[in-house]
Every structure is written in structure tokens, then in C-alpha cells.
Amino acid sequence: MGADRRYAYGAAAGLLGDLLLGDPRRGHPVAVFGRAVAGVERVLWRDHRGWGALHAAVCAGGAVALGAAATHAVRRSPAASVALTAAAAWAVVGGTSLVREARTIGHALEAGDLEGARARLPHLCGRDPQALDTDGVARAVVESVAENTSDAVVGALVWGAVGGVPGLLGFRAVNTLDAMVGHRSPRYRRFGWASARLDDVAGWPGARLTAVLAAVTGDDPRGAVRAWRADARRHPSPNAGPVEASFAGALGVRLGGTLSYGGRVEHRPVLNGERGRTVVPQDIERAARLSRRVGLLALGVTVAARVITARFITSRVVTARVAAAGSKGRTS
């Protein structure tokens with residue numbers, strides 16, 4: 001069994017595991033990695049970009065090295081290779097937990113429990129919930145579902161297809177680093193700069209694929225493409241912009257605008273403002289279903305791309321060897 005097929009079977013099993021089981025409530029591998037990141041930070045923290053770059057290299061590089069070592073250890077066993085890929089994919093993909101949290105908040109809003117929805121919102125995103133009304137909470141949830149579909153599902157599958165288990169673990173490590181130290185607080189403005197920029201680079205292909213798949217599987221493909229082209233570049237994040245704009249157009253709603261993080265108010269551009277309507281609680285379920293469709297299609301696209309690429313490379317190598325053998329025979 002070739003490496004491409006091992007990855008295909010393992011990635012599919014890992015995504016199925018996430019769909020059926022979700023994330024463990026205790027001892028999640030990402031949480032363990034987060035504690036390790038915090039420990040490295042205690043040793044390396046300086047208010048300096050260079051030390052922050054070293055911190056990012058040690059943590060992300062360590063995750064990639066761990067994945068490479070594990071892959072090498074099971075290389076002779078197809079079953080063990082598939083199992084390792086499945087475990088890694090299950091550990092880094094968080095689509096089910098994302099959808100569950102979104103639906104919990106949506107159900108609270110639909111039941112009129114605004115305070116309960118506000119209390120759950122920090123489980124999903126970093127907004128200040130007390131300043132939000134019902135529609136504001138719903139908008140925050142839809143935006144978080146859109147962005148995290150890329151960060152927690154599609155981006156991981158893209159890098160898994162590129163690099164196997166090291167790619168899966170490396171992407172999740174970079175994403176976790178950005179979440180922990182990549183924000184612009186006084187402590188991390190310089191120290192977290194490298195982690196934030198690394199996350200921008202790692203997230204670029206997954207964000208574009210997410211935007212494409214949201215347009216393909218959404219209720220309004222033309223609206224998704226229109227919003228993406230018109231509004232994505234106005235968003236302060238190079239990766240959240242295409243994803244949120246495409247989701248806004250696909251769902252026919254307006255995203256963006258004024259929001260508050262940690263007491264700091266930001267005025268972001270409105271996405272799909274001309275054609276979209278205000279987000280309402282019922283749109284949370286629509287966003288969750290769109291996220292599911294995007295994740296499943298992303299698995300198919302990335303696995304197919306890996307298999308086709310591997311077969312193309314193999315055919316080129318075989319052709320080159322045959323040509324070399326023929327040339328050697330003629331000269332002997």
C-alpha cells in the first residue's frame with residue numbers, strides 16, 4: 001500500500017472519528033501541546049521579535065519532528081501507518097466541537113435565553129459577549145464558524161495532504177501558537193509577531209479552499225463569489241477575509257462591522273453589505289450545515305489531490321528510468 005493510499009484511508013478515518021466522537025473532554029492532544037507551548041514561553045519570553053521567532057520555531061518544529069519520527073517508526077506497517085494518520089487527523093480536526101458549540105448557542109438564542117448564549121460564547125470566540133444583543137451574538141457565532149471551518153478543518157486537511165502526519169501536526173501547532181501568543185496585547189505585540197505571521201502563511205491555502213468550497217456548496221454560489229471578490233481584501237486578516245466574505249455571500253447575510261475584544265472596540269468593514277441581511281439565530285444552523293459540507297468536500301479534494309500528485313510523480317519517475325535504461329542500452 002502506497003503512502004498516498006495510507007494517508008487517504010487514515011484521513012478519512014480520522015474525520016469520521018471526529019464526526020462520531022468529537023473532541024475528548026479531558027487530555028486533548030492540542031491541550032497537552034498548549035501546556036508545552038506555555039512552558040517553552042516561560043523559558044524564552046523576551047519582549048523581542050527574535051525570541052518570539054525562536055519560540056515559534058521550537059514549538060512548531062517540535063510538532064513536525066514528532067510527526068516525522070512517528071511516521072518513520074511505523075513506515076513498514078500499512079495498518080500502523082493508517083492508524084497513526086487517523087489518530088493525528090482526529091486530534092487536529094475540530095469540526096464537530098465547532099458545530100456543537102455553535103448549535104448550543106443557537107438553541108439558547110432561539111429559546112430566548114440571551115444570557116445563556118452570552119455565557120457560552122467565550123467557548124467559541126474571544127468576543128466580549130455582554131455588549132451583544134441577540135443578533136450580535138448570532139453574527140459572532142456565524143463569523144466564528146466560518147473562520148474556524150478553515151482553521152480547524154480545511155487548513156489541517158490541506159497540510160496533511162502535503163506533508164502527511166507532520167503536516168497535520170505542524171499546522172495545528174502553528175494555529176495553536178497564533179491563538180496563544182499571536183494577538184496584539186502588550187505582552188505579545190513583539191514576542192507573538194512571528195507566530196502570527198507564520199499562521200498567516202500556513203493558513204493561506206486552506207482559507208482560499210474554504211472560500212471556494214463555501215461558494216460551491218452554499219445556497220448562493222454567485223453571491224459568495226461576489227462578496228469574496230468585493231469585500232475580502234477589506235478585512236484586516238488576509239485569511240479570515242475570504243472565508244467570512246464567502247460564507248456571508250453563500251448565506252445571504254451581512255458579517256463584519258463593529259465588535260469588541262478584551263475591552264478594545266474594532267470597526268471592521270461590513271462583508272456582503274449591499275445584498276445581505278442581518279444575521280438572525282436561525283442562520284447559525286445554516287452556517288453549521290455549510291461548515292459540515294465544506295469539511296467533507298475538503299477531505300475529498302485534498303485526498304484526491306494527493307493521490308493524483310503521487311501517481312503523476314510515480315509515472316514521471318518510471319518514464320525517466322525507462323528512458324535512461326534505453327539510452328544506456330544504445331550506448332553499450
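Predicted model: local features only at pLDDT ≥ 70, side-chain atom pairs only at ≥ 80, totals over all residues.

Biologist: Okay, what does A138 touch, not counting residues up to four places away in sequence?

Modeller: A138 touches L109, V279, V280, P281 and I284.

Biologist: And where does A138 lie?

Modeller: A138 is part of helix 7. Helices here are DSSP runs of H or I with at least four residues, strands are E runs of at least two, and both are numbered from the N terminus.

Biologist: How far are the C-alpha atoms of A138 and P281 separated?

Modeller: By 5.2 Å, although A138 and P281 sit 143 residues apart along the chain.

Biologist: Does A138 count as buried or exposed?

Modeller: A138 counts as buried, because its relative accessibility is 0%. Buried means under 20% relative accessible area, exposed means over 50%, and partly exposed is in between, with a 1.4 Å probe and protein chains only.

Biologist: Switching topic: how many aromatic pairs does the structure hold?

Modeller: Two. Rings of Phe, Tyr and Trp (its six-membered ring) pair if their centres lie within 6.5 Å; planes under 30 degrees apart count as stacked, over 60 as edge-to-face and the rest as tilted.

Biologist: Why is the pair of W45 and F191 tilted?

Modeller: The planes of W45 and F191 are at 40 degrees, so that pair is tilted, and the ring centres are 6.3 Å apart.

Biologist: Which parts of the chain does that pair link?

Modeller: Distant ones: W45 is in the loop between helix 2 (29–44) and helix 3 (49–73), while F191 is in the loop between helix 7 (134–181) and helix 8 (193–217). W45 and F191 are 146 residues apart.

Biologist: Is F191 buried or exposed?

Modeller: F191 is buried, with a relative accessible area of 0%. W45, at 27% relative accessibility, counts as partly exposed.

Biologist: What about the other pair?

Modeller: Y188 and F191 make a tilted aromatic pair too, with 6.5 Å centre to centre and 40 degrees between the planes. W45, Y188 and F191 form one aromatic cluster.

Biologist: Where does Y188 lie?

Modeller: Y188 is in the loop between helix 7 and helix 8, and at 12% relative accessibility Y188 counts as buried. Leaving aside neighbours within four places in sequence, Y188 is in contact with E41, W45, M180, V181, H183 and W193.

Biologist: Last one: in which helix is T210 found?

Modeller: T210 is in helix 8, and T210 is buried, with a relative accessible area of 0%.

Biologist: What is T210 in contact with, leaving aside its neighbours within four places in sequence?

Modeller: T210 is in contact with T149, S150, V154, V243, F247 and V294.

Conventions. Residues numbered from 1 in each chain as written. Heavy atoms only, no water. Contact = heavy atoms within 4.5 Å.
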